[in-house]
Amino acid sequence: MIITDVEVRVFRTTTRRHSDSAGHAHPGPPHQVEQAMLTIRTEDGHEGHSFTAPEIIRPHVIEKFVKKVLIGQDYRDRERLWQDLAHWQRGSAAQLTDRTLAVVDCALWDLAGRATNTPVYKLIGAYRDKVLAYGSIMCGDEIEGGLATPEDYGRFAETLVKRGYKGIKLHTWMPPVSWAPDVKMDIKACAAVREAVGPDIRLMIDAFHWYSRTDALELGRGLEKLGFDWIEEPMDEQSMSSYKWLADNLDIPVVGPESAAGKHWHRAEWVKSGACDILRTGVNDVGGITPALKTMHMAESFGIECEVHGNTAMNLHVVAAVKNCRWYERGLLHPFLEYDDGHDYLKSLSDPMDRDGYVHVPDRPGLGEDIDFAFIENNRVR
Ligand SMILES: O=C(O)[C@H](O)[C@@H](O)[C@@H](O)C(=O)NO
Ligand SMILES: [Mg+2]
């Protein structure tokens, strides 16, 4: 049960996702990027794994914080290990981020599952083994036939409905798109999607994250006429009072916060202040499965739904272990990319979706990621 080793393996993987100058993903030619796998090992040979960007688990962070907390400890003591690591953050000179806490916590959950031959959502206490997905479309672009016009969004939405999606979320146009942001264009894209898919498909928007209050109000009022289910991150989430103002002035539910710091503590303040109608959490955003569950359960106590940010196995297991979450966010999607192709370092999808739009939680132990260890070794860089 005792943790004896923490290892990072960095390897090359091929992807067609490219990040723009604002950090949003768009399609492009295949290129190689570095990915890292964190492995936590015990004296009796059990291992847990989790993936992230190499800089999130760079040697300084592993040696100065992670190993000091984990080595010699019982891997089953996840709550205490998470609290101990979180307490290191204050004195870390901002070097120990929530992303690092998340990848360590996920590897510990994966270890617990692999050691007991149990999927993580069953370890937590499962609520369901499948969940409806919404198709989360990439941010708009200026690519011919991509997501450059409202009509492009409409055509792509039709494709997603044919694939089985019962919900669709648009990320609309943002800089560095030359003419973005533009509220009226956002509303035109949403209108084109509603026209294309009809009244029964659930629709949501995740807009430019720095609109003013008045722009966000105009956008929200436009979406109310189109029967959208929620408006997400239309303003800087650092202003909780702006979200309180927006939620008070709109009928369409306001969802958040996604990217605001503060883990489950700050999300409790959003609920208390009325800054959102639907709360938001995400394993990477709040520092792990452990705090994501705290957030979900806190929201449930207020009768509030809490939508989980992001795809991948870690988020899927959280969604499968709670009642007060409607969707799994499957994406990001684009007409020029085939999401179901997955990753070259995983032998199968972690979030397979059937033709009715349900994602089924893999019955494999731990997080259920079907890791191709040989591929990782053959493509390892350090
Ligand atoms: O803002 C981003 O980086 C992307 O839009 C990403 O977070 C996306 O997954 C999102 O916002 N989902 O809700
Ligand atoms: Mg979002």
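**Reading a predicted structure**

Student: Which is E258, buried or exposed?

Tutor: E258 is buried, with a relative accessible area of 11%. Buried means under 20% relative accessible area, exposed over 50%, and partly exposed in between (1.4 Å probe, protein chains only). This is a predicted model, in which local features need pLDDT of at least 70 and side-chain atom pairs count only at pLDDT 80 or more, while totals for chains, interfaces and linings use all residues. Residues are numbered from 1 along each chain as its sequence is written, chains are lettered from A and ligands numbered from 1 in the order in which they are written, and side-chain values use heavy atoms, with hydrogens and water left out.

Student: Which residues coordinate the magnesium ion (ligand 2)?

Tutor: Donors are N, O and S atoms within 2.8 Å of the metal (3.2 Å for Na, K and Ca); water is not among the atoms, so sites may look incomplete. Here D206 (OD), E232 (OE) and E258 (OE) coordinate the ion at 2.0 to 2.1 Å. Along the chain, these donors follow the spacing D-x25-E-x25-E. D206 sits in strand β6 (residues 202-206) and E258 in the loop between β8 (254-256) and α9 (263-273), so the pair, 52 residues apart, links distant parts of the chain. Helices (H or I, at least four residues) and strands (E, at least two) are DSSP runs, numbered from the N terminus. D206 counts as buried, at 2% relative accessibility.

Student: Which residues of the largest nonpolar core touch the most other members?

Tutor: In soluble globular proteins, nonpolar side chains tend to be buried together. A nonpolar core is a set of buried Ala, Val, Leu, Ile, Met, Phe, Trp, Tyr and Cys residues joined through side-chain atoms within 4.5 Å. The largest one here has 80 residues, and L223, F228, L279 and I289 touch the most other members. Each of domain 1 (2-117 + 373-379) and domain 2 (123-360) gives this core at least three residues; the bounds come from an automatic or database domain assignment. Apart from it lies another core, of 27 residues, including F65 and L96.

Student: How many residues of domain 1 are in contact with domain 2?

Tutor: Contact means heavy atoms within 4.5 Å. By that rule, 30 residues of domain 1 are in contact with 33 residues of domain 2. Buried area is the accessible area (1.4 Å probe) that two parts lose on being put together, summed over both. Between the two domains it is about 2600 Å², of which carbon and sulfur atoms give 63%. In domain 1, P27, W82 and W109 lose the most area to domain 2, together 23% of what that side buries.
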